[in-house]
Amino acid sequence: MDWYPLYNSLRIALISSVIVFFTGIFAAYYIAKLNRVVKGILDVILTLPLVLPPTVVGYFLLLLLGTKRPFGIWFLEHFGVKLVMTWYSGIFAAAVVAFPLMYRTARGAFESFDETLAYSGQTLGLGNAYIFWNIRMPACRQGILAGAVLAFARALGEYGATSMLAGYTPGRTATISTTVYQLWRTDNGVLAFQWVMVNVAISAAVLLTVNLLEQKNREKVKRADEKGGGTKGCRCR
């Protein structure tokens with residue numbers, strides 16, 4: 001059994017998750033501060049990949065990154081880098097479809113944060129960067145970690161956009177999802193079922209992690225309530 005699809009899927013999912021983690025937190029933090037109208041417009045734009053069919057997302061990415069498109073041509077001419085039909089093409093696809101999960105979860109976490117904690121830090125002379133990384137992020141870490149895990153799971157299971165942008169080449173661009181489809185298409189049901197079980201096992205582990213994070217967050221909220229309405233942090237999932 002060739003384990004390259006598993007290695008490639010994990011590689012793509014991990015790299016895209018790191019990208020989505022930081023970009024999602026950055027977008028969520030600043031958009032949460034905007035007025036209702038602007039926030040609503042940006043929400044629609046940034047969350048659109050979550051509701052669009054993955055093949056449509058892949059189509060738009062091809063329009064942007066294809067070798068006959070301006071952006072793709074520029075990268076190919078100046079850096080000799082082809083942005084489609086390579087293993088790293090899957091990173092672009094996975095990051096785009098996973099971003100809304102990280103963004104929405106992080107934004108909900110930041111909106112639930114008790115801003116009096118930040119104001120208290122400012123009165124003590126603490127900088128915004130210090131408050132963000134040492135007060136805001138720790139208070140909302142459960143919700144943010146849950147978003148990161150969900151984004152990783154979405155990136156790992158991505159098929160539609162990845163198949164259009166990276167294609168399927170054994171040993172080069174194959175992922176678990178594209179491998180399952182190709183094995184089924186060539187009537188290799190036994191091996192396809194084995195890969196399905198690998199994917200199910202990973203997905204189950206991810207969901208278990210999310211459930212544990214949510215349970216830990218509920219216990220934290222419960223302990224805070226039992227203390228008689230003490231200073232609250234971020235009651236988010």
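Modeller: Partly exposed means a relative accessible area between the buried limit of 20% and the exposed limit of 50%. Keep that in mind for this predicted model.

Colleague: How is a pair of aromatic rings described?

Modeller: By the distance of the centres and the angle of the planes. Here the count comes to 18 aromatic pairs. One of them joins phenylalanine 71 and phenylalanine 75. Their centres are 5.2 Å apart, with 50 degrees between the planes, and the pair is tilted.

Colleague: Where do phenylalanine 71 and phenylalanine 75 sit in helix 4?

Modeller: They are four residues apart in helix 4 (residues 70-79), so about one helical turn separates them. Phenylalanine 71 has 38% relative accessibility, so it counts as partly exposed. Phenylalanine 75, at 23%, is partly exposed.

Colleague: What are the distance and angle for tyrosine 159 and tyrosine 181?

Modeller: The ring centres lie 5.8 Å apart and the planes meet at 50 degrees, so this pair is tilted. It links distant parts of the chain, 22 residues apart. Tyrosine 159 is in the loop between helix 8 (141-156) and helix 9 (160-165), while tyrosine 181 belongs to helix 10 (residues 176-185).

Colleague: Are tyrosine 159 and tyrosine 181 buried, exposed or partly exposed?

Modeller: Tyrosine 159 has 30% relative accessibility, so it is partly exposed. Tyrosine 181 is partly exposed, at 34%.

Colleague: Which residues form one aromatic cluster?

Modeller: Phe26, Tyr29, Tyr30, Phe110, Phe132 and Trp133 do.

Colleague: Which residue lies over the face of tryptophan 87?

Modeller: Arginine 11 does, at 3.7 Å from the ring centre.

Terms used
Residues numbered from 1 in each chain as written. Predicted model: local features only at pLDDT ≥ 70, side-chain atom pairs only at ≥ 80, totals over all residues. Heavy atoms only, no water. Phe/Tyr/Trp six-rings, centres within 6.5 Å; stacked < 30°, edge-to-face > 60°. Helix = DSSP H or I, 4+ residues; strand = E, 2+ residues; numbered from the N terminus. Buried < 20%, exposed > 50% of the residue type's maximum accessible area, 1.4 Å probe, protein only. Lys NZ or Arg CZ within 6 Å of the ring centre and 35° of its normal.
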